[in-house]
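Here is a short briefing on one protein chain. Look at the model first, then work through the points by topic.

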Amino acid sequence: MRKQLWIGFLIAGVCLYFAFRGISFHELSHSLSQAKLSIILPAMSLSFVNLGLRTLRWRLLLQPLCHAPFWPLARIIIIGFFANNTLPFRLGEIARAVLCSRKFSIPNTSALGTIVMERLCDAFSFLLAFLVSSMFFPFPGYMKKGAALMGGACAAVLMLLFFLKRHEQYFRNAIKRLPLSPHWSERASEMLGHLAHSTMGAVRGPALAAAMTLS
């Protein structure tokens, strides 16, 4: 444990070095002196509220898979946010799925499936806000087309997840007909089952409505 702690300090030190390399500490202190606590404190409070709502939503989507206590789940989300800010291609979502899998003893694919559901909820919430805003403010045509494409893509993914859960055996049989070795065929079928099981929250209407409300 102590070795892991020192390794963590070493990695943190290297990251801090690259983060602050080339920064003028005089200008930094001047900028900090101009900061207004009247704005920073409410913003930080809203960030904590955002974290709490995201944790409650993920906990709700994880209910069919495991019982996830609030605070351990919140810590995993914080680590995922950090990884998204430091790694490319939003790899923090993968890190979050792996940590969730290890912490609560569920398959990686199942944890990743709940994160996919989170992103769908975020997308539908954004589209709903865009739709309401468009009633009061004019948006360029290309933005409306982009929102329509985004909505269509999200609806297609959601329908695919519903179909996957309802007709899981059909997809398993289709995997068996693929030119794969028995080992990889079994692995693919197993991952498909985990993904289907992780979307049970989407299949249950009340759970999906609650997740959308939290979004």
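Does Pro69 count as buried, partly exposed or exposed? Pro69 counts as partly exposed, because its relative accessibility is 33%. Keep in mind that this is a predicted model.

- Pro69 sits in the loop between α3 and α4.
- Pro69 and Ile40 are 29 residues apart in sequence. In space, their C-alpha atoms are 29 Å apart.

**The nonpolar cores**

- The largest nonpolar core has 15 residues.
- Which of its residues touch the most other members? They are Trp58, Leu62, Cys100, Phe104 and Ile106.
- Four helices each supply at least two residues of this core: α3, α4 (70-86), α5 (92-104) and α6.
- A second, separate core has 11 residues. Among them are Leu120, Cys121, Ala123 and Cys154.

**Where α3 meets α6**

- Two packed helices are described by the angle between their axes and the distance between the axes.
- Helix α3 spans residues 37-62. Helix α6 spans residues 108-134.
- The angle between α3 and α6 is about 130°, and their axes are 10 Å apart.
- The two helices, α3 and α6, are therefore oblique to each other.
- The crossing of α3 past α6 is right-handed.
- On the α3 side, the contact uses Arg54, Arg57, Trp58, Leu61 and Leu62. On the α6 side, it uses Thr114, Ile115, Met117, Glu118, Arg119, Cys121 and Asp122.
- By class, the contact of α3 with α6 has 6 nonpolar, 1 polar and 5 charged residues.

- Glu118 belongs to helix α6.
- Is Glu118 buried or exposed? Glu118 is buried, because its relative accessible area is 2%. The cut-off for buried is under 20%.
- Glu118 touches Arg54, Arg57, Trp58, Leu61 and Arg96. That list does not count residues up to four places away in sequence.
- Trp58, one of the residues that Glu118 touches, is also one of the residues that touch the most other members of the largest nonpolar core.

**Where α8 meets α9**

- Helix α8 covers residues 168-176, and helix α9 covers residues 182-198.
- They pack at an angle of about 160°, with axes 9 Å apart.
- That angle makes α8 roughly antiparallel to α9.
- Here, too, α8 passes α9 in a right-handed crossing.
- Helix α8 brings Glu168, Phe171, Arg172, Ile175 and Lys176 to the contact. Helix α9 brings Ser185, Ala188, Ser189, Glu190, Leu192, Gly193 and Ala196.
- By class, the contact of α8 with α9 has 5 nonpolar, 3 polar and 4 charged residues.

**Two loop residues with positive phi**

- Arg90 lies in the loop between α4 and α5. Its phi is positive, at about 50°, although Arg90 is not a glycine.
- Ser105 lies in the loop between α5 and α6. Ser105 is not a glycine either, yet its phi is positive, at about 55°.
- Is Ser105 buried or exposed? Ser105 counts as exposed, because its relative accessibility is 67%. The cut-off for exposed is over 50%.

How values were computed
Residues numbered from 1 in each chain as written. Predicted model: local features only at pLDDT ≥ 70, side-chain atom pairs only at ≥ 80, totals over all residues. Heavy atoms only, no water. Buried < 20%, exposed > 50% of the residue type's maximum accessible area, 1.4 Å probe, protein only. Contact = heavy atoms within 4.5 Å. Axes fitted to C-alpha atoms, helices over the stretch in contact; angles between N-to-C directions. Parallel < 35°, antiparallel > 145°, perpendicular 65-115°, else oblique. Left-handed = near helix turned anticlockwise from the far one by under 90°. Nonpolar A, V, L, I, M, F, W, Y, C, P; charged D, E, K, R; others polar. Core = buried A, V, L, I, M, F, W, Y, C linked by side-chain atoms within 4.5 Å.
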